Amino acid sequence: MRPLRSRSCRRWFMITMLPAQRISGLSRRTERLSRGYCIFRPRILIDVSNIDMTTTVLGFKISMPIMIAPTAMQKMAHPDGEYATARAASAAGTIMTLSSWATSSVEEVASTGPGIRFFQLYVYKDRNVVAQLVRRAEKAGFKAIALTVDTPRLGRREDDIKNRFTLPPFLTLKNFEGLNLGKMDKANDSGLASYVAGQIDRSLSWKDVKWLQTITCMPIFVKGVLTAEDARLAVQAGAAGIIVSNHGARQLDYVPATITALEEVVKAAQGRVPVFLDGGVRRGTDVFKALALGASGVFIGRPVLFSLAAEGEAGVRKVLQMLRDEFELTMALSGCTSLKEITRNHIVTPADMHRAVSRL
């Protein structure tokens, strides 16, 4: 039997975190990659006895274009939390992104051993807090900042309100523990929503992307882009990369699924910066779709949380291996032996079919 603290974490996760994945129910339409959105066009009679899935991100070589997205408060899912995720990512030879709202600090995650790690950043009203946190991440060996830009306010998460979501008393937001910002007070609705309203800067704008560049040498990815207009602005602001994300479809109803927004953003970026997809990836076939539409790689969130809750570090290792195996098989059956061979010609989207019908 698991120790009491382990069972308490799991209970909190099941009661509050899993239901909180929904807003008003509409998010179910956009949280996953649309199953029928892409149809594959596999090529045949190609030697696929050797498949190379390696790639580079910011010059760092990783084993596959599948990385770990930032997900907050992982010790609610398992007592080892971010420690387990960091070790699993390192073992798989890929990148982990640590959330600002982690239940393990940047220093603690760095202490788990070698690995390529990014740090996800929310911008607080107190910019001294932001500057201190960025400096700590850089000192701890983190390689990039993933700046979340789609949360000036927290979306209406009705299950959070119903459950009066807050951190359990034995956990804190570790990165803010010494700043008197690590605890989340109980509220009549959502403790998280109250925390965000009190701490996160609603005035965040493109000039702040440039400000961040003055306080760190780490490259900055802009996370939460869904339109061509914002992709162009991100490039102009000096972003090192763009992450297409709808925040797990928990911020705003009726936003597009990430896969439907991806190609628009890729075209707007015009190859000047890499574009990544974060959200909706559940199978190796989803990874192939994203790369065929121009993504340089994908980040996974929920699969990591769910596997962490089920089996800790072993679970995260297993889900990474499953996705790797599925992606490798998809490449082989599509006639691709390296990532550069995955092209737009390997898939058909509804827009392609509409254009074909229009020409008739």
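**Close-up views of a predicted model**

At 7% relative accessibility, D208 counts as buried (under 20% relative accessible area, with exposed over 50% and partly exposed in between; 1.4 Å probe, protein chains only). This is a predicted model in which local features need pLDDT of at least 70 and side-chain atom pairs count only at pLDDT 80 or more, while totals for chains, interfaces and linings use all residues. Residues are numbered from 1 along each chain as its sequence is written, and side-chain values use heavy atoms, with hydrogens and water left out.

**View 1. The salt bridge of D208 and R127.** The two side chains meet at 2.8 Å, N to O; a salt bridge is a side-chain nitrogen of Lys or Arg within 4 Å of a carboxyl oxygen of Asp or Glu. D208 belongs to helix α7 and R127 to helix α4 (residues 127-139), 81 residues apart. Helices (H or I, at least four residues) and strands (E, at least two) are DSSP runs, numbered from the N terminus.

**View 2. The salt bridge of D278 and K223.** Their side chains meet at 3.7 Å, N to O. D278 is in strand β10 (residues 275-278) and K223 in strand β8, 55 residues apart. Both D278 and K223 are buried.

**View 3. The salt bridge of K289 and D286.** The N to O distance is 3.3 Å. Both residues lie in helix α10 (residues 284-292), three residues apart, about one turn of the helix. K289 counts as buried because its relative accessibility is 6%, and D286 counts as buried at 7%.

**View 4. The network of R87, E313 and R317.** Salt bridges link these three residues. By the rule used here, the count comes to 13 salt bridges.
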